[in-house]
Amino acid sequence: MNFINKIGNTPLVLFPLNLNGNRFYLKLENQNPTLSLKDRGALSIIQELEKKYGDELVKKEIIESSSGNMAISLAMICWIKGYNFTAIMDHHSSIIKKLEIESYAGKIDIVDSSKLKENQVGTVERQNYARMLVEEGNGKVVFCDQLNNKANFLANTVLGKEIWEQADGKLDYLFGPIGSGASLGGAAKFLSGKKEKIKIIASEPVGSVIFGRKAEPYYQSGSGMPSKETIGNNLKRAKNIFEKMIVWLFQILMHLQQQFS
Ligand SMILES: Cc1ncc(COP(=O)(O)O)c(C=O)c1O
């Protein structure tokens, strides 16, 4: 049994919060091997690459643009399977996340974000840089592209299935953060086939433009999308499924904080 076999099947626990008699559950995705739900999509992306390249994959450099969590997941899986991995990161990347990637023998390439302000995320610069590396790599560089890669989206239909089964089908709302759209969108895809009235509430940071709000600089780079970025295929897939409801993550956290000090 290695880390890879421990991805998914995370617990769903009742949270001690009573909102007008409604029950509130948390899906503990931090119990995946690298402590985030990104392990699900990362495994699926690597498995698709294995199908495409077979034994040739060990000779390639697998790259991904990431604020941290997806890169940590990919680094862990590549380390176990013996593949080369480089994370494309920016000036927002935390030192702890970089150290985690390196602990799985992943390499780190920081993009030039000298033209960005401290509170502007470098997602666009990272994506462009990754595409340039592929173009210049003579077939040796493989870009995971979590924003567009369908394997990332489909892996998270299993997240929806787990939630549905653990909740015994008694589910009215699903709340979650949204970045590439793969996690919440994938889960929503499964749930939408089960019960039409489940409402999906996606949260993005203030300043992100996924749901058409005003663009502003923001610090949080895991979820959300800055104004210059083109909408990825996984966000399109997610948006096709979601009802248009938005709650700021900030507001949810504030509410919980007030309840529980
Ligand atoms: C811990 C965590 N949760 C959720 C998300 C958003 O997921 P997605 O990119 O699948 O929309 C991210 C994005 O990086 C993340 O790191």
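The centres of domain 1 and domain 2, taken over C-alpha atoms, are 23 Å apart. The model is predicted: local features need pLDDT of at least 70, side-chain atom pairs count only at pLDDT 80 or more, and totals for chains, interfaces and linings use all residues. Numbering starts from 1 along each chain as its sequence is written.

Domain 1 covers 3–29 + 151–260, and domain 2 covers 38–149. These bounds come from an automatic or database domain assignment. The contact draws 25 residues from domain 1 and 24 residues from domain 2. Residues are in contact if their C-beta atoms, placed from the backbone, lie within 7 Å.

Look at the side of domain 1 that touches domain 2. Helices H5 (150–155), H6 (157–166) and H8 (233–241) each supply at least two residues there. H5 gives the most, with four residues. Helices (H or I, at least four residues) and strands (E, at least two) are DSSP runs, numbered from the N terminus.

Now take strand E3 (residues 61–65). Four of its five residues are buried, so E3 is largely enclosed by the rest of the structure. Buried means that 20 or more other C-beta atoms lie within 10 Å of the residue's own, with C-beta atoms placed from the backbone.

E3 runs parallel to strand E4 (residues 84–89), joined by five bridges. Strands pair if DSSP finds at least two bridges between them. Glu-64 has Ala-87 as its bridge partner in E4. E3 also pairs with strand E6 (residues 141–143), in the parallel sense, over three bridges. There, Ile-62 is partnered by Val-142 of E6.

Note on methods: Contact = placed C-beta atoms within 7 Å. Buried ≥ 20, exposed ≤ 12 C-beta atoms within 10 Å, placed from the backbone.
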